[in-house]
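Dear colleague,

I am passing on the structure we spoke about, and below it you will find notes on what turned up. Please read them alongside the coordinates.

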Amino acid sequence: MNRDKTKKTTERGNRRSHLRALQALAVKLLSAVDPEQLLQEILLEATHVMGAEHASIAILKENDDTTMYVRYGLGIHASQIRFQIKTYEGAIGEVCRTGEIYIIDDYRTWKNRIQDSRMDQMTTSASAPLTASGKIVGVLQLSWQNEPILFSENSRTILRQYSQLASIA
C-alpha cells in the first residue's frame, strides 16, 4: 500500500515537472527566442521528461519532399547530425506514411530498421511527426537502449505535446 502511495506521489511530481517544462518552453516560444536554440531545448527537455537516453529531430530537406536529415541529435543520434534518410525508410518512413506517433518496442529486431551499427543497442524508439499547414515537415525521435520500455498512453500524450511545440518552433 505504501508503495502505491509513493508511486502516485512520484507520478504527480513527474506530471508537475513536465507541466513546468512545457510552460517554460511555451514562454520562450512566445518570446521569439531563436528557433534553432528553442528546438534544441525542446529536444533536451523531451529526453529529460521522458527518461530517454537518445533523441533527434529530423527535418524535411528544402526542395526535396522525399528526404529528411537529422538536424539535432543527442546521445547516439549526435553522431548522425546531417545524416539523410528517405521519407519512406525506417521509423521516419512509418511516421510520414501514417502521420501518427510510431513506437518500436525493440529496434534491434525490427524488420525495417536502418542498418547502422550505432543503433545496435537501441531498444525502444518513439517517433512523432512535426507538422506545418497539415504537412509533415519533420520527425522528433526518442530512443532508449538495453532494455525495452513500456510506452504508455500518457507517454504518447507527452511525446505529442513536445512534437507540437517543436512544430511551432
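Helix α4 (residues 153–168) lies across β4, β5 and β6 and runs at about 45° to β5; helices (H or I, at least four residues) and strands (E, at least two) are DSSP runs, numbered from the N terminus, while axes are lines fitted to C-alpha atoms, for helices over the stretch in contact, with angles running from 0 to 180 degrees between N-to-C directions. Please bear in mind that this is a predicted model, in which local features need pLDDT of at least 70, side-chain atom pairs count only at pLDDT 80 or more, and totals for chains, interfaces and linings use all residues. Residues are numbered from 1 along each chain as its sequence is written, and side-chain values use heavy atoms, with hydrogens and water left out.

The strands form an open sheet of six in the order β3-β2-β1-β6-β5-β4, with antiparallel pairing, where two strands pair if DSSP finds at least two bridges between them. Its edge strands are β3 (84–86) and β4, each of which pairs on one side only, and neighbouring strands are turned by 25° against each other on average, direction ignored. Helix α3 (residues 90–98) also packs on this sheet, touching β1, β2 (67–74), β3, β4, β5 and β6, and its direction makes about 135° with that of β6; contact here means heavy atoms within 4.5 Å.

Strand β5 (residues 122–132) has nine of its 11 residues buried, so the rest of the structure largely encloses it; buried means under 20% relative accessible area, exposed over 50% and partly exposed in between (1.4 Å probe, protein chains only). On one side, β5 is joined to β4 (residues 102–104) by three bridges, with Tyr102 opposite Ser127. With β6 (residues 135–145), β5 pairs over nine bridges, and there Ala126 has Leu142 as its bridge partner.

A search of the whole structure finds three aromatic pairs, that is, rings of Phe, Tyr and Trp (its six-membered ring) whose centres lie within 6.5 Å, counted as stacked with planes under 30 degrees apart, edge-to-face over 60 and tilted for the rest. Trp144 and Phe151 are paired edge-to-face, at 5.8 Å centre to centre and 70° between the planes; Trp144 is buried at 5% relative accessibility, as is Phe151 at 12%.

Best wishes
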